[in-house]
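Please look through the structure below. The paragraphs after it go through a few of its parts in turn.

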There are 4 protein chains.
Amino acid sequence: MQHFASDNYAGICPEALAALIEANNSGHEPSYGDDSWTQQVCDRIRDLFQTDCEVFFVFNGTAANSLALASLCQSYHSVICHELAHIETDECGGPEFFSGGSKLLTATGENGKLTPDAIEAIVTRRADIHYPKPKVVTLTQSTEVGTVYSVEEIRAIAAIAKRRHLKVHMDGARFANAVAALDVHPSEITWRAGVDVLCFGGTKNGLPVGEAVVFFDQALAADFAYRLKQAGQLASKMRFISAPWLGLLDNDVWLRNARHGNAMAQLMARRLAAIPEVKVLFTPQANAVFAELPPRVAAALRERGWKFYQFIGSGGCRLMCAWDTKQETVEQFTDEIRALCARQ
Amino acid sequence: MQHFASDNYAGICPEALAALIEANNSGHEPSYGDDSWTQQVCDRIRDLFQTDCEVFFVFNGTAANSLALASLCQSYHSVICHELAHIETDECGGPEFFSGGSKLLTATGENGKLTPDAIEAIVTRRADIHYPKPKVVTLTQSTEVGTVYSVEEIRAIAAIAKRRHLKVHMDGARFANAVAALDVHPSEITWRAGVDVLCFGGTKNGLPVGEAVVFFDQALAADFAYRLKQAGQLASKMRFISAPWLGLLDNDVWLRNARHGNAMAQLMARRLAAIPEVKVLFTPQANAVFAELPPRVAAALRERGWKFYQFIGSGGCRLMCAWDTKQETVEQFTDEIRALCARQ
Amino acid sequence: MQHFASDNYAGICPEALAALIEANNSGHEPSYGDDSWTQQVCDRIRDLFQTDCEVFFVFNGTAANSLALASLCQSYHSVICHELAHIETDECGGPEFFSGGSKLLTATGENGKLTPDAIEAIVTRRADIHYPKPKVVTLTQSTEVGTVYSVEEIRAIAAIAKRRHLKVHMDGARFANAVAALDVHPSEITWRAGVDVLCFGGTKNGLPVGEAVVFFDQALAADFAYRLKQAGQLASKMRFISAPWLGLLDNDVWLRNARHGNAMAQLMARRLAAIPEVKVLFTPQANAVFAELPPRVAAALRERGWKFYQFIGSGGCRLMCAWDTKQETVEQFTDEIRALCARQ
Amino acid sequence: MQHFASDNYAGICPEALAALIEANNSGHEPSYGDDSWTQQVCDRIRDLFQTDCEVFFVFNGTAANSLALASLCQSYHSVICHELAHIETDECGGPEFFSGGSKLLTATGENGKLTPDAIEAIVTRRADIHYPKPKVVTLTQSTEVGTVYSVEEIRAIAAIAKRRHLKVHMDGARFANAVAALDVHPSEITWRAGVDVLCFGGTKNGLPVGEAVVFFDQALAADFAYRLKQAGQLASKMRFISAPWLGLLDNDVWLRNARHGNAMAQLMARRLAAIPEVKVLFTPQANAVFAELPPRVAAALRERGWKFYQFIGSGGCRLMCAWDTKQETVEQFTDEIRALCARQ
């Protein structure tokens, strides 16, 4: 049975699994990333972004974002993020832990998005040493509520960031979905727009485990390998973390996976919008749909075994589509909702 | 080509890979460990140890040891370890980082092993607040130099630890090799001997990635799940970390793998001991052999492509055998050494 | 010239200075608190609170609050505080730093005060490991906006805290002002009401430097001396930090100082309330008055050399009275405001 | 009664106390260092060192050294120090705490002094990411065993440090005693010799509380004020920490105090050397004497009330002379030793 609780309920996509199995057939390989697979994947990611970036692999998104942020600021600095940012709401204090105490300064903004004005307001609010100095602004692309920053929005944020001497970090747990939604080259919403560091999500895109941290500003990556090692994020049998990326990168499987998830979300949104008792929240652009369901309907769905989360930030239900979500699952799920709504 | 640099050069053993693939066939599964595979593996580990322990999965040994130690002491406490302990020599300050500054107090000891007297000496040396209060003693089993603590040695250390109010932690990156070498039940060298927490190594035993942290004293595991989450060690698609353990645990594959590595090391040691120019160091008991080779011989081997480490702690070469090390590789390697030594 | 920017603009009160000088006349004294003065002051604080509490001295309020909170929770736990709490707004991430990443969860509340309902709402909002588990609730007494929690309010908060397994911490940078305002025994608003740890402010009450951390629950103070040492908060010539407290404690100078500051604030509030163009905010109960002044008036006052802060939390001006604020200064200041307001 | 346990048993020297009292007579002063006294003292220290350095005041030596070191390296870097260095032996893990886990790499060396060769050996021992990268070398001047680095020794160490891209930190808890002993300009053993940051000790030199952190490389001081604030080392009534330095700096009282302590140590050493049963260790150059006393003599002295420490690093007794140690105390103490030794 498939669910809409999270895109991390899905398994490994066939291409990633094939690459993992192939990497296992090569016998002994040097550990800690000195293997041929890892170097190859790093090069492929550089090719993908069309720039000489530094690439590191970590085990999950908590580590990717927390360590990237820690490398951009000291403990007495602060990070500007949206109030719905995953690093603020769902990392159990991971960014604060890895940075040794950097504070997250939250801003509000429509559709889960930061704005230049909100950033400016936070930066200029205080300038005394009793308040941690802002050093980083972080965007989630696609956002926690399934929306996507446009190229222009990212550029505008990066511009204000540069003027205020802030580094720009992108939480790209669902970066692929954003690229697919915008139909742009990945460089257009990252380094060409002013992003310094991208946490490029692999797990939700079809990997078993692992994210890539991509430093477009290579100077910021100095000694980052030591940071990973100390922080328990250096895999000994690294090829099993890196090689599966080949499965995603070859033939643009990563985009195909993302497009599929996005399409399923569009289908879900269209079908939900047609049900009078249901209200679709935000504007679904990536692979998430947020919708207010009548409480009795949500309860009935759960009783039937469907898993999905209530979203704390909005009051609605969060419905995530994965790379493997089937059209018939979406149809069945929305049919059940329609039927439950119709019932008195 | 196979190497003797590290047992983490080896890949995934067939049984672990099969379990991973099977876990991927079940479709959507709840994330963060709420899946059926993870619960099953935890139960299997409890069965294995014949006690109701708490089991957690992390990505690697740095994290396993550092987080386990951090849960046993505060930043102003200290951890007693052998001067050759991996946590002291090869974790880039990981234990200090995760604990927020706990100091490692190192002791010397024959064959890479701590002794009750050495521990006692450290505990009683200072009792003022200018020195971090010892709270934990940590053993590596099997040790960093390929030796193994006997049941009696562990009991004696645990006894002094209890008397001095120290918790006992075991770095079991190669725990399987120790169990295989001693031919005892795993409980005999852990909780029945007084060990509070075991970091049970899976990677070197044939997994792609992952170690288990086993709390025999369940009270010590309180809120450890939060600690893992914050520290970037909670896998979202947890089943791909946990399920491969089934491949190891079913039919005692973990012991078979360990016995094989140990046997290859015994073969290596026997053959090296028979070469007059070579001196075998320590007493090989697990899957490592340390040997002094004539420098020109070591150089020649490396020129031919063999990979192995110079061991900083002893001056010798460290030669590790893995679960998949072939008998003919050991024979060829030692034959080459013999031939190179013979040549003037 | 006197100012209203902060009660820490004031110097050392005569009695504290006399005690410091006397402590210097005794010649050599053991360091790090093993002197006779420090023991004496600890006993005096125990007498004051009528209970066998543990007492420690630190250099300032950042350290007092941060270290006390760090001793009550682990890095993956959280602390519930008011959104205007000093630890949230003015410690540059100190609590996060000393705790290794504990998150502050802020609540709103009238008059700068937490309520049982607000605490309950935060505790029950989430119960998953992606969010740091609440472990502490912290009150500032008197509050950052010059109000005071009544005995009943503290009891109600402590009751909900106990039910939810939260420890209760009190930031008492201006504890003396609260005791003076309520005219209660200090035990009534601390341990008898359910407070576990009090940071008892000395600096703003007339000391040159130093605060006391008072653990009413002695078990929570285990190894706290080590924590202080490691965190750079153990004075070598401790008697110069502790002895001045004798000057405050003898003859209830601490209360006299606080009553004076409170009285000056009352005078200030009365005189400001009588000026039509001025709006007094909150209800001044301790030694602070918050008032909205016409911007041109505030600017003119500053031009004449008066120092005071704009309060970020409310839009008004914060006017603090100290132990040494003179009645004529308050009168002159408010006369000038009246005159400036009258002028067109 | 005077003691030889530590130079921090002494009180405040008259000049420092007078400055503190004078600072208290000026009424209200801006807090957190924006007062006139603090600016004045910073300028005086710049004048003293004849360079435009950045000066900060902290409460004690633990904080001074730990925060200075933390500003020179990241958590995955390491600090090279002598095995007898105070930061290694007596700070309860303070440097590890403030840096978030930086490891101290200890070297041996005669007379408590690091050598260029020892530093070189540590730097070149490892170059892999499993070992924290050395970033700082720290010298204690005068050393923990009462010896003093010559100008040439410091220059030689700084030269190797620069070549290896290490910053040079000086723990100057007894910096004054070293300057007095060498009779050089303070710049000669600091920035002119290649020292980047000095922790300039005030407490042992006659202050009630406080040390200065002096950054000769101003770039290294960027945002250090935020670091101090977050770390609980920013005094609100800063003038009481800074002003007493005026008492030390005016008329070179700091040197007079140091010279006196040194002279008393010389007297002590001469008189002890003349007692056959006593062996003076190291070469007393500053204000400390280390001597092996017959155990029964040491015990008898303690019974009579004399306080002094057994030195863990050498087996001898550590005898510290302070700015106020009286000649007759030294004479009486050594007379008693002579008499006790003579007695069978």
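In this predicted model, two helices of chain B touch through a set of side-by-side residues that can be listed: from H8(B) come Phe175(B), Ala176(B), Asn177(B), Val179(B), Ala180(B) and Ala181(B), and from H11(B) come Trp254(B), Leu255(B), Ala258(B), Arg259(B) and Asn262(B). Of the residues in this contact between H8(B) and H11(B), eight are nonpolar, two are polar and one is charged. H8 of chain B covers residues 175-182 and H11 of chain B covers residues 253-273; their axes come within 8 Å and cross at roughly 75°. Because angles from 65 to 115 degrees count as roughly perpendicular, H8(B) is roughly perpendicular to H11(B).

Next come contacts between chains. Chain D and chain A bury about 2000 Å² between them, and carbon and sulfur atoms give 53% of that area. On the chain D side, Tyr76(D), Ile129(D) and Tyr226(D) lose the most area to chain A, together 38% of what that side buries. Two salt bridges are counted between chain D and chain A. In one salt bridge, the side chain of Asp223(D) meets that of Lys133(A), with 2.8 Å from N to O.

Apart from neighbours within four places in sequence, Ile21(C) is in contact with Leu17(D) and Ile21(D). Thr106(C) is 85 residues from Ile21(C) along the chain, and the C-alpha atoms of these two residues are separated by 43 Å.

Methods
Residues numbered from 1 in each chain as written. Chains lettered and ligands numbered in written order. Predicted model: local features only at pLDDT ≥ 70, side-chain atom pairs only at ≥ 80, totals over all residues. Heavy atoms only, no water. Contact = heavy atoms within 4.5 Å. Axes fitted to C-alpha atoms, helices over the stretch in contact; angles between N-to-C directions. Helix = DSSP H or I, 4+ residues; strand = E, 2+ residues; numbered from the N terminus. Parallel < 35°, antiparallel > 145°, perpendicular 65-115°, else oblique. Nonpolar A, V, L, I, M, F, W, Y, C, P; charged D, E, K, R; others polar. Buried area = accessible area lost by both parts, 1.4 Å probe. Salt bridge = Lys/Arg side-chain N within 4 Å of Asp/Glu carboxyl O.
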